[in-house]
Amino acid sequence: MTLRSFIRHETLLALLLALVLVVLSLQSDKFLTVQNLLNQGRLMTETGLIAIAMTFVIATGGIDLSVGSILGLSAILTGVFWQNVGLPLSVTAVAAIAVGTIAGLVNGIIITRFKVPPLIATLATLALYRGLAEGISQARSVRGYPEWFYVLGQGSVLGVPTQLWILLLAAVTASILLAYTRYGRTVYVIGSNEVTARFSGLSVEGTKLALYTASGFTAAVAAVIFVSRVSTTRSDMGTGIELDAITAVVLGGTSIFGGRGTVLGTVIGLCLIQALKNGLLLAGVKGDGTIMLIGAVLILAILASNLFERSGPR
Amino acid sequence: MADTPAFVTLSGISKAFAGVRVLKDVSFDVRPGEVHALLGENGAGKSTLIKILSGLYTPDTGTIIIDGKNVKFASPRDATAAGIATVYQELLLFPELSVAENVFLGNYPRTSMGIIDWAEVRSRTRELLDSLDTHDLDVDDKVLSLSVAQRQRVEIAKALSKNARVLIMDEPTASLVEADVRRLMDIVRQLRARGVGIIYVSHRMSEIFALADRVTVLRDGAFVATRDVGDVDEAGLVALMVGRSIESLFPKLDVPIGETVLEVKNLNHGRHVRDISFGLRKGEVLGVAGLVGSGRTELALTLFGMTPATSGEILLDGRPVSIRSPLQARDLGIAYVPEDRGLQGLVKPMTIRKNVTMATLEKVSSGMFLRAREEASRAMAAVKRLGIRCRNIDQPVAQLSGGNQQKVVIAKWLQTNPRILILDEPTRGVDVGAKSEIHLVMGELVKQGVAILMISSELPEVLGMSDRVLVMSDGRITDVLDRAEATPERVGAAMTAPRSAEAA
Amino acid sequence: MAVTGVELSSARLQRNRRSGVLKRLMSDYGQEVVVFAAIITLFVVVTMINPRFVSANNLTSIFAGNAYIAVAAIGMSMVIITGNIDVSVGALIGVLATISGTLAVAGYPIWVAWFLPVLVGMAINAVIGVLVAYAKIPSIVVTLGALSILRGGLISVTGGTWISNLPPDFLIAQKRLLGVPVPLIAMVVLTLAAAAWMRYFAFGRSLYALGGNPEAAVASGIPAERRTVAVFIIHGFFAGLATILFATQLQVIQSTVPPNLELTIITAAVIGGASILGGSGTVVGSTLAAILFAAIGSALIFTNVSAYWFRAVIGLLILATVLADMLRRQRST
């Protein structure tokens, strides 16, 4: 094992996470408790699900800015279908997830069929989907969901928050998919050199279409979990979550140019962000001060890994 | 003219990249008002020499003397300031900007207040274009709407706007159609008459004899000779370029030729594949000759499903097939080793292992899971079979030499067990050793019954390796020659045939 | 019959001569013309439905109320034209507005309260520019980080409180000069100045070169890194000027900016014709697009359509613009 392969981005990041955990637990004895950690896991599930799908998207060299809006749209539809249309909540949740998935598919079609750069395509649908959420809801919130629905966002299974199981399942599945299957390999090839991918007979368009659709799907699932967690539906739900997810992904070592990145890195990045948020809060730093720190960590982490890469042998 | 002192003199120039010497002790000069042709096979060192002269590279040893003074170029700007301008193969223009602005970008005429004088920019561009007999170009047109030939004239105007005294033209006719070639040659003659020294890089013998005053030949990075064009003939130049006889260089295996596997009838796609019909037989190497832009690569892309045919028929073993994607082509047993291996053939940061299995992922998977061991053993076998020189199969291909990179691309496609292998410039930028190894592999493949369609810009390679030669010009097949009748003269004539074959 | 290159060229020439001024206008300023036509159409249609749409009051609110977005979009256009992007500008405007208001309330001279934030904006963007140009971190990543830092910084400093009791002289955006609202004057003057600079100065032209073909730009002697930093600083300058208009339009300065302000500004630039692929676009276009947004928002109110559909309309508009742009590109290559 060479020094260079040891100083991989994920390794650096895991060390950083360990350091942060130690420092934070010294700061406050409330931090390193099972109860607190599980609760933090609950809070990071929505961003986590979105970030996992985003890892794939960014690894192909793309980006999806519309996930926050898809989340908002799906959340609104869950509520509106249930309250105004009168469908059973279980059906409306599934329908809302279906709409979110279609929203992702539409992104994919705009990007693959019309060759619109992903940044612009999803910037446009960011406005469109959020606009639909606002227009449909007319900014009215929906509350008073039946008790069983809160199991998803507020309940526990075997002592662990329900949604954390979902996140865990998603992380493990995605990790295997990206690292050990030919779909994962295809993602990396597309991200490294799309032309070669095409010349090698790989399905570039099909893969991208699937990924943006999956991104819409996870955002919609996150929406249902979100609604269940906070007991209410509002059209501004998920605003800015795309930036949190992208931060986690990029912090986790996925190259914004594509071709490189792991789900594990993203998960470590997520944990780091959540630990910082929570730990600093417990240490008495105001909640919004931590957002600053996350921004700084993002830039410094990329700067550091850029420097490592450039100083290493070519 | 021989008495005119040279404007630029290069002497004893050497240059190495990563320990590989690409130029060894080369000397070269250009006089005002002459066309000096630079000739050599791919990899002979022409581009490196040009890049040194235009300030992109600095030589390791040797001197550049301009007007009797020793100079050193730290950047292209220094070369421009010294009066040397280059018209590159990949044109360095700004597609969204107008013709006039492209000519004067970075060098705008300004009014006394320091603001750009657009009227002056436009009128001076007009003058420059008129002086090149280019009256059909609107100075306000955006460059993205221009043809390749028109863009080239913009580049030449740009060079002249900087008062270039030496103009380097790197394969200027490579992607021009015949009429544009004649116009370009007129422009070159006109520039020479004005006293501009022109370094003219081209493979086309006819142009060299029509235009050049002197010719310098490079081979394997070394200076071979400089001659007055009046003192040499075509055969002599080819001998200087190649330095060996064709037979010893190209180990053509004689293999019994089997039945027809691929038949193409009246195939069309766009402007570059027009009404193409031919057959390809088992165990045969069918060479495709033609200038860049003649439609050779476009034909390959159409057969490979990248740019599916708009009309015409493709028959495999006599059965009509439809090829709409590379995946379909692959499944039908067609493989394509592309022209630009860096852009189209390889994922350079990835390892040899991953590159080799890239087109056959399902063969190294069970279900959707990749089998690392199967992948490794296939990669290892490929490394052995093709003699890829590397540390191990987990070395990124970016670290390999050009020849070994090309072998990786070939290995990738051999994984598919193709029946028809299309090779597009298989030995471009490949050193001599790897080149003959690739030729040996081709021999082995035809022995196993693979049919090979080989596109090459290198005439000796086409003539040396092919059983038959198919010549293309302007999107059409202009001639099909058997090995025995395929002489450089006949192939060359068909390559530049101004669609005379159309009547036939 | 085969058509040779020469014949093609002369055919082309004749076509060009026939097409005349309109075609030239469309090919060089197509996007601007389209946006302008959209504004006119909107005005005609909405006025027919509700004549009060063109009342002096409403026109003032359309043209002056969104002027700060147009001004910020000038700098954003330049950033996008060079092939970069900035998602932190909304948060930057919030931070600068708070600084400005704090200075004004603390009794500093009015011009200090106005222009010190402009300098701060330039300094912050200088750092962003250096990280993009020299540390080679993609602009989307740098500005994403900057967004977090600025947004977090804003809320943690203000604690969510509004700044009130602003001195009346400070509120420049509510004043009129010769009867014309100051924001409108600022928008027009700054747009024209920036447009002239980008048309008549080599520095301004180099932005197009850098975005259109970076390699060729460097080969033409344009110092790419220094220019990139400069463009971000100029962008910071316009963000600072936009802040003056934003901070002084109400009696109070809120601790937040409109949600997704950065995306509105980016959208104005893109609809105005700045190609995200770099190399084309004008600031006249982005200003027209900002006016179009304001007019659409107002039109929804005057046609009794819920304002909550505003964003959906804008979204569709961006999508239509982008798809049209891609189709145009595909046809021209």
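Predicted model: local features only at pLDDT ≥ 70, side-chain atom pairs only at ≥ 80, totals over all residues.
Which residue is the bridge partner of B:Thr260 in strand 12 of chain B? The partner is B:Arg281.

**Chain A as a whole**

- Chain A contains 14 helices and two strands.
- Its radius of gyration is 20 Å, close to the 20 Å given by the globule rule for 314 residues, so chain A is as compact as a globular protein of that length.
- Taken along the principal axes, the box filled by the C-alpha atoms of chain A is roughly 65 × 55 × 35 Å.
- Of the 314 residues in chain A, 54% are buried.
- Among the contacts in chain A with a separation of 6 or more, 78% are between residues 24 or more positions apart.

**Chain C as a whole**

- Chain C contains 13 helices and two strands.
- Of its 333 residues, 51% are buried.
- When contacts in chain C between residues at least 6 apart in sequence are considered, 79% of them join residues at least 24 apart.

**A covered strand in chain B**

- Strand 3 of chain B spans residues 35-39, and five of its five residues are buried.
- In a regular strand, side chains alternate between the two faces of the sheet.
- On one side of strand 3 of chain B lie B:Val35, B:Ala37 and B:Leu39, on the other lie B:His36 and B:Leu38, and all are buried, so both faces are covered.
- Strands in a sheet pair through backbone hydrogen bonds, in either a parallel or an antiparallel way.
- Strand 3 of chain B runs parallel to strand 8 (residues 197-201) of chain B, and four bridges join the two.
- One of the residues involved is B:His36, whose bridge partner in strand 8 of chain B is B:Ile199.
- Strand 3 of chain B also runs parallel to strand 9 (residues 214-219) of chain B, again with four bridges.
- Here B:Leu39 has B:Val217 of strand 9 of chain B as its bridge partner.

**An antiparallel sheet in chain B**

- Four strands of chain B form an open sheet in the order 12-11-14-15, with antiparallel pairing.
- Strand 12 (273-281) and strand 15 (319-321) of chain B are at the edges and have a single partner strand each, so one side of each has no neighbour in the sheet.
- From one strand to the next, the twist averages 20°.
- Strand 11 (residues 260-269) of chain B pairs with strand 12 of chain B over six bridges in the antiparallel sense.
- The pair from the opening question, B:Thr260 and B:Arg281, is a bridge with its partner in strand 12 of chain B.
- Helix 10 (residues 296-303) of chain B packs on this sheet and touches strand 11, strand 12 and strand 14 (311-316) of chain B.
- The direction of helix 10 of chain B makes about 70° with that of strand 12 of chain B.

**Two packed helices in chain C**

- The packing of two helices is described by the angle between their axes and the distance between the axes.
- Helix 4 (residues 89-105) and helix 6 (residues 139-158) of chain C pack at about 30°, and their axes are 8 Å apart.
- Angles under 35 degrees count as roughly parallel, so helix 4 of chain C is roughly parallel to helix 6 of chain C.
- The crossing of helix 4 of chain C with helix 6 of chain C is left-handed.
- Residues making the contact include C:Ala91, C:Leu92 and C:Gly94 of helix 4 of chain C, and C:Leu147, C:Leu150 and C:Arg151 of helix 6 of chain C.

Conventions
Residues numbered from 1 in each chain as written. Chains lettered and ligands numbered in written order. Rg over C-alpha atoms; globule rule 2.2 N^0.38 Å. Buried ≥ 20, exposed ≤ 12 C-beta atoms within 10 Å, placed from the backbone. Contact = placed C-beta atoms within 7 Å. Pairing = 2+ DSSP bridges. Axes fitted to C-alpha atoms, helices over the stretch in contact; angles between N-to-C directions. Parallel < 35°, antiparallel > 145°, perpendicular 65-115°, else oblique. Left-handed = near helix turned anticlockwise from the far one by under 90°.
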